[in-house]
Every structure is written in C-alpha cells, then in structure tokens.
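Hi everyone, thanks for making time this morning. I'd like to walk you through one structure, so please have a look at it on the screen while I talk.

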Amino acid sequence: MIAERDIMGGLAKGLQVIETFTADSPRQSISEVANASGLDRATSRRCLLTLAHLGYANWDGKFFTLTPQVLRLGTACLATMPLPRVVQPLLDHLSEQIGESSSVSILDGDEIVYVARAARTKVMSIALMPGSRLPAHCSSMGRVMLAALPENEAKARLEAMTLTALTPKTLTRVDAILAELASIRSQGFAMIDQEVEPGLCSIAVPVQNSHGHTIAALNVGYASTSAAPETAKTKFLPALLNIQTELSPLLT
C-alpha cells in the first residue's frame, strides 16, 4: 500500500489533464479540460501551460492540443513490455499468411489497448495502432478477456460500464453480453459481427501465459463482405489457435 504522503499530486493532476484529450476532444480550452478532469480552472491552466512549456502540448492562445511528443510516454511503456516483442513477428507472419490484419491487445478497465498489430487491408474507418483503444464490451478481444474473468467479476464490470451502442448490432444489455461470454468460455473464441463498426467483423482467441492465465487477446479483423461467420471460423481460427499454442510457453 502506497502512503498518501508519497504521492506527487502535481504529477497525478498532469496525467488527469492528458487523459482528457481523446479522439472526440483533441482540441480543448482550459474550461473544457477543467470540466473533463474534475480539476479547478486554475490547476488545469497550470498543468496545460506546463505541458506546453515542455513540448507535450500546443497552445494557440485559447485552445490546447497534444503534440506527438506525448507518444513517447506510451512508447516507453510498450518498449518495456515483453509481450509486443514476442508477438509481433508472429502477427506479421499470420497477416501475410491469411491476407488480413491481426492484433494483440490487453484489457484496461472498460477498454482494450492494442499492444501489437500487423495491418493489411484497411477495414475500419480509423487507423488502429499500438496504443489505440476500443470498448471491451463489443470488441472480440475485449469479450475474450472479459470471458476469462470469474463470472461474478465480469458481471460487475459490465454493470459498471457505459455500454454504448456503436452500431445497430452492438449488444448493450448486460444479460445478452453475459450470454455471449458464457459461449466464449465454452468454445474458446469470440466472433463479432459489425458491433464495433459497420462492415467490420473479427474473431479472437485468448493469449495465455505458461501458467494458463489469460493475459491478452489475439484477433483477426476482416470485412463482413469477405467471409460468412462459418467460413471465417474455418479460415482464420486454426491459424489463431496455432499462434496461441506457440505463445503460451514463451510468456511467463
């Protein structure tokens, strides 16, 4: 347990400010950051000006935007994680073999975070890369990792989430998602049909370490027009399971 006196309040507030910048809010005023972070206006202003002074943000006199320098923080984290280094060559080979994009992600709260990716034909409207995030409740990799949790913990997480419908096909009822998780536990993989974005389907399997614990998820994304669900399962699942088997003894 870390004592309160050992916590740097200024650093914590600065990180809160950085986290308010999202794809939906890339350009914000001081007031907007204060509202989003829950900090007062004066504190938000000092944090933003500090970020601008250090090169982590740009300021045009009214609005702030983050600069690419912020990516150094995420890159440093990824560089220290063994998982991306281990899986990237396997992803590259898989994507070349099947002609579709493949990814590995980890679970972070309500979202998945991409830690490695091999991109082929672009299916999504947004560019996914290491550090990108998607909601866990409607993504194949998110569901695989939620299914790996004890049932009561998965239920509690879902009940605490904002289950946003990204498309007309997105499941947003807790009981419906729990039923999907039960199927995933039974069959060992998850399939998503246009729940994240129209036209996008994916299939995912858990990535387990040498102790059998699920630490990440591996998926293949493909266009809904390129393969029916049963065809996709036959076409992609064996390759995913092969990589799953290869990875397990390499991860502790």
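Let me begin with a question: how many bridges join E5 to strand E6? There are three of them, and E5 and E6, which covers residues 133-135, run antiparallel. Before I go further, please keep in mind that this is a predicted model.

Strand E5 spans residues 111-118, and six of its eight residues are buried, so E5 is largely enclosed by the rest of the structure. On to its pairing with E4: these two strands are antiparallel, with seven bridges. Here you can find Val 104 opposite Ala 116 in E5. The hairpin of E4 and E5 has two residues between the strands, and Gly 109 in that hairpin takes a positive phi near 65°.

Next along is E9, residues 214-223. Seven of the ten residues of E9 are buried, so this strand too is largely enclosed by the rest of the structure. Strand E4, residues 101-108, is joined to E9 by five bridges, and the two run antiparallel. E9 also pairs with strand E8 (residues 200-208), in the antiparallel sense, over nine bridges. If you want to check that on screen, Leu 200 has Ala 223 in E9 as its bridge partner. The hairpin of E8 and E9 has five residues between the strands, and there Gly 212 takes a positive phi near 85°.

I'd like to stop at one residue, Ser 103, which sits in strand E4. Is Ser 103 buried or exposed? Its relative accessibility is 1%, and the cut-off for buried is under 20%, so Ser 103 counts as buried. Across in E9, Asn 219 stands opposite Ser 103. What else does Ser 103 touch, leaving aside residues up to four places away in sequence? Its contacts include Leu 91, Tyr 114, Arg 117, Met 141 and Ala 217. Ala 116 is also one of the residues that Ser 103 touches. Those two are 13 residues apart along the chain, yet their C-alpha atoms are separated by 5.7 Å.

There is another sheet to show you. This one is open as well, with three strands in the order E1-E3-E2 and antiparallel pairing. Strand E1 (27-28) and strand E2 (57-59) stand at the edges with a single partner strand each, so one side of each is left without a neighbour in the sheet. E2 pairs with strand E3, residues 64-66, in the antiparallel sense over three bridges. In that pairing, Ala 57 stands opposite Leu 66 in E3.

Let me finish with the helices. Helix H2 (residues 30-37) packs with helix H3 (residues 41-53) at an angle of about 110°, and their axes are 9 Å apart. That angle makes H2 roughly perpendicular to H3. The crossing of the two is right-handed. On the H2 side, the contact is made by Ile 30, Ser 31, Val 33, Ala 34 and Ser 37, and on the H3 side by Arg 41, Ser 44, Arg 45 and Leu 48. Sorted by class, that contact has four nonpolar, three polar and two charged residues.

The other helix pair is H7 (residues 151-160) with H8 (residues 174-187), packed at an angle of about 145° with axes 10 Å apart. H7 passes H8 in a right-handed crossing. Among the residues that meet here are Ala 154 and Leu 158 in H7, and Ile 177 and Leu 181 in H8. The residues of this contact divide into six nonpolar, no polar and four charged.

Terms used. Residues numbered from 1 in each chain as written. Predicted model: local features only at pLDDT ≥ 70, side-chain atom pairs only at ≥ 80, totals over all residues. Heavy atoms only, no water. Axes fitted to C-alpha atoms, helices over the stretch in contact; angles between N-to-C directions. Helix = DSSP H or I, 4+ residues; strand = E, 2+ residues; numbered from the N terminus. Parallel < 35°, antiparallel > 145°, perpendicular 65-115°, else oblique. Left-handed = near helix turned anticlockwise from the far one by under 90°. Contact = heavy atoms within 4.5 Å. Nonpolar A, V, L, I, M, F, W, Y, C, P; charged D, E, K, R; others polar. Buried < 20%, exposed > 50% of the residue type's maximum accessible area, 1.4 Å probe, protein only. Pairing = 2+ DSSP bridges.
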